[in-house]
Amino acid sequence: MQDVAERAGVSPTTVSFVINGTKPVAPATRERVEAAMADLGYRRNVLARALASQRSRIVALVFPALEHRLSPAALSIVTAAASAATERGFNVVLWPVNGADQLEDYVSGGLVDGVLLMEVTADDPRVPVLQRRGVPFGLIGRTEAPDGLPYVDMDFDAMVATGLEHLVGLGHARVALFLGDLGATSWAGYGPIARTEAAYRAQAAARGLDAVVVRAPQDPRSGHRAADTMVADHPEVTAVLALNETALPGFVNGLVAGGRSVPGDVSVLGVATSAEAISTADPPVSAVVAPGPELGRRSLEALLDRLDEPSTPPLQLLLAGDLTPAGSTAPPR
């Protein structure tokens, strides 16, 4: 740092400000310092910085990659969190950690300053690990009893209400729900599926609609088979709410292959679906789009706020998605 300071004609303190982003530096001065760093081949030593400051300035996003696919919606959360972290002088790493024991091994080494848990379940065993270890954390999702826990989650009740209002407003009186399969061990207690089904059943009953739930594993081929099953078992259905992003294109294709036109015979509306995913089906799927980027940004910022000031109250925030009409919804024939 002394060599960089002499070459740039500034003090070592100014070099530190440029490297760490702790105080503003005039653009011309910053350019001189960065040019000197490039000329001398100076690189930040992350380990030395962590030892000196007692901070790694790294936040881990924990995703059970062996159990769940990194869907477009999940990827939008990761990229938004990484962008927000960069703005605050932090880095984000994605930990494909499966199970509480593996997470404990990771966090016990002090590699990260904080953790954000993704794919949260009703009784998530990872939460007690972080509490016992004293690791600052936040949830992207909610447990069944989230009192006192910091979380940012989607408002599934509001998103289902938006979807049903749209379909019923078009004139549909027979609306089914297409969900992921909670029967698999890896999806047991998965909040989005459970909350969406509960919201659908309650709101369908309030509107006088018969509840029809169709399930499938999270893959396109299973979506295709689920469409065949629904057409065979519930030919009266004229509209579908779908919370199964990975299987959704296959579900739409299965309807068409089975002789149902979309939206002529069956309207399809995605719930908590990414903007990227809804464009892969033919026709493109109308959806209540998941607020993935805002989930990633708000959860990361809340965690960093608590790192800077531990007395900051835990943020508990629900975010609803926006309705994005496309070519898959229309009035029933």
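Ala, Val, Leu, Ile, Met, Phe, Trp, Tyr, Cys and Pro count as nonpolar, Asp, Glu, Lys and Arg as charged, and the others, Gly among them, as polar. The model is predicted: local features need pLDDT of at least 70 and side-chain atom pairs pLDDT 80 or more, while totals for chains, interfaces and linings use all residues. Numbering runs from 1 along each chain as its sequence is written, and side-chain values use heavy atoms, without hydrogens and water.

**Exercise 1.** Describe the largest cavity by volume, lining and class.

Step 1. A cavity is a set of points, on a 1 Å grid over the protein atoms alone, where a 1.4 Å probe fits but cannot get out; lining residues have an atom within 4 Å of a point. Two cavities of 30 Å³ or more are found in the whole structure.

Step 2. Points are joined across faces, edges and corners, and volume is the space filled by probe spheres set on them. The largest cavity has about 500 Å³.

Step 3. Its lining has 30 residues, with Ser71, Ala73, Glu119, Tyr190 and Pro192 nearest the centre. By class, 17 are nonpolar, eight polar and five charged.

**Exercise 2.** Which element gives the most to the lining of the second largest cavity?

Step 1. This cavity has a volume of about 90 Å³. Its lining includes Phe137, Tyr151 and Arg306.

Step 2. Helices (H or I, at least four residues) and strands (E, at least two) are DSSP runs numbered from the N terminus. Helix 13 gives the most, with four residues.

Step 3. The lining divides into nine nonpolar residues, two polar and one charged.

Key. 1 Å grid on protein atoms, 1.4 Å probe; cavity = no way out; pocket = protein on both sides within 12 Å on 5 of 7 lines; lining within 4 Å.
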